[in-house]
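Subject: Structure handover

Hello,

I am passing a structure on to you, and my notes on it follow below. Please look at it first and then read on.

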Amino acid sequence: MKFRSKASASAVLAVTALLAMPPTVASAGDGSATVAAEGRFLPPSPYFPPDGVTYDRTKVPLGAHAVVVERTGARTTGVELAVYGLLPNRVYGAHVHTKPCGRAPEDAGPHYQHIKDPHQPSTDPAYANAANEIWLDITTNVLGRAVAESTHDWRFRRGEARSVVIHDHGTMTDPGEAGTAGARLACLTVPFV
């Protein structure tokens with residue numbers, strides 16, 4: 001399992017090239033696939049749900065946006081998150097969640113867990129950890145940009161990973177608070193494989 005947060009110019013430029021793409025899924029004959037989704041953060045709407053929703057416009061301003069790319073192999077999953085237009089020089093937590101974004105922050109459900117914690121909400125570090133979940137914590141640069149990626153030796157269960165949620169602070173790891181990262185500030189619906 002690999003977990004890192006970075007804001008290198010080359011990584012940001014590579015992911016920026018995906019901004020013009022609608023959500024896409026590309027599959028290969030060997031069982032690998034690539035999913036790319038992009039969304040600008042807009043307010044929740046009862047009529048036309050945007051792909052990207054901001055629940056806190058002061059911490060995730062209107063028009064800020066994110067790109068999520070999932071790359072899978074026969075038995076691996078890699079997820080990359082790139083954000084633009086967030087507050088500068090700030091730490092945000094970010095995780096893959098089980099449901100699509102909705103009008104309310106809790107609509108995205110809990111974190112996706114490879115091995116599900118039988119006790120929800122999950123705050124047990126045996127389940128709520130970066131090896132069992134997809135953690136994409138980021139630290140923005142002076143322009144409000146950041147990139148993070150997480151790679152695992154397992155695949156998502158079909159239909160059980162549906163969004164990436166951006167949280168108020170970095171992810172906690174201590175018992176009783178493991179996996180928590182504060183309020184849900186924004187959400188991007190992603191058609192994970």
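How many bridges pair S10 and S11, and in which sense, parallel or antiparallel? Five bridges join these two strands, and the pairing is antiparallel. One of the facing pairs is valine 164 with leucine 188, the latter in S11. Please keep in mind throughout that this is a predicted model.

Strand S10 and its other partner

S10 covers residues 163–167 and S11 covers 184–189. S10 also pairs with S7, again through five bridges and with the strands running antiparallel. Here histidine 97 has serine 163 of S10 as its bridge partner. Is S10 mostly covered or mostly open? It is mostly covered, with five of its five residues buried. Ser163, Val165 and His167 point one way from the strand, while Val164 and Ile166 point the other way, and all are buried.

The chain as a whole

The protein chain has one helix and 11 strands. Read from the N terminus, the order is β-α-β-β-β-β-β-β-β-β-β-β. The chain has 193 residues, and 48% of them count as buried. Its accessible surface is about 9,000 Å², and carbon and sulfur atoms account for 57% of that.

The nonpolar core

The largest nonpolar core is made up of 30 residues, and Leu81, Phe156 and Phe192 have the most contacts inside it. At least two residues of this core come from each of S3 (33–42), S5 (65–72), S6 (77–84), S7 (91–97), S9 (146–152), S10 and S11.

Which residues does phenylalanine 156 touch, apart from its neighbours within four places in sequence? Its contacts are Glu70, Thr77, Val79, Val96, Tyr112, Ile134, Ala161, Phe192 and Val193.

Salt bridges

Side chains of opposite charge can pair when their charged atoms come close. There are four salt bridges in the structure. One of them is between lysine 59 and aspartate 168, with 3.0 Å between the closest N and O atoms. Lysine 59 sits in the loop between S4 (52–54) and S5, and aspartate 168 in the loop between S10 and S11, so this pair ties together parts that are 109 residues apart in sequence. Lysine 59 is partly exposed, at a relative accessible area of 25%. Lys59 and Asp168 also belong to a network of salt bridges that includes Arg90.

Glutamate 160 takes part in a salt bridge with lysine 116, at 3.3 Å from N to O. Why does this pair link separate parts of the chain? Glutamate 160 is in the loop between S9 and S10 and lysine 116 is in the loop between S7 and S8 (138–139), so the parts tied together are 44 residues apart in sequence. Glutamate 160 is partly exposed, with a relative accessible area of 24%, whereas lysine 116 is exposed, with 52%.

Glutamate 160 also meets the side chain of arginine 157 in a salt bridge, here at 2.9 Å from N to O. Arginine 157 is partly exposed, with a relative accessible area of 25%.

Regards

Definitions and conventions
Residues are numbered from 1 along each chain as its sequence is written. This is a predicted model: local features need pLDDT of at least 70, side-chain atom pairs count only at pLDDT 80 or more; totals for chains, interfaces and linings use all residues. Side-chain values use heavy atoms; hydrogens and water are left out. A nonpolar core is a set of buried Ala, Val, Leu, Ile, Met, Phe, Trp, Tyr and Cys residues joined through side-chain atoms within 4.5 Å. Buried means under 20% relative accessible area, exposed over 50%, partly exposed in between (1.4 Å probe, protein chains only). Helices (H or I, at least four residues) and strands (E, at least two) are DSSP runs, numbered from the N terminus. Contact means heavy atoms within 4.5 Å. Two strands pair if DSSP finds at least two bridges between them. Accessible areas come from the Shrake-Rupley method with a 1.4 Å probe; for residues, only the protein chains shown count as cover.
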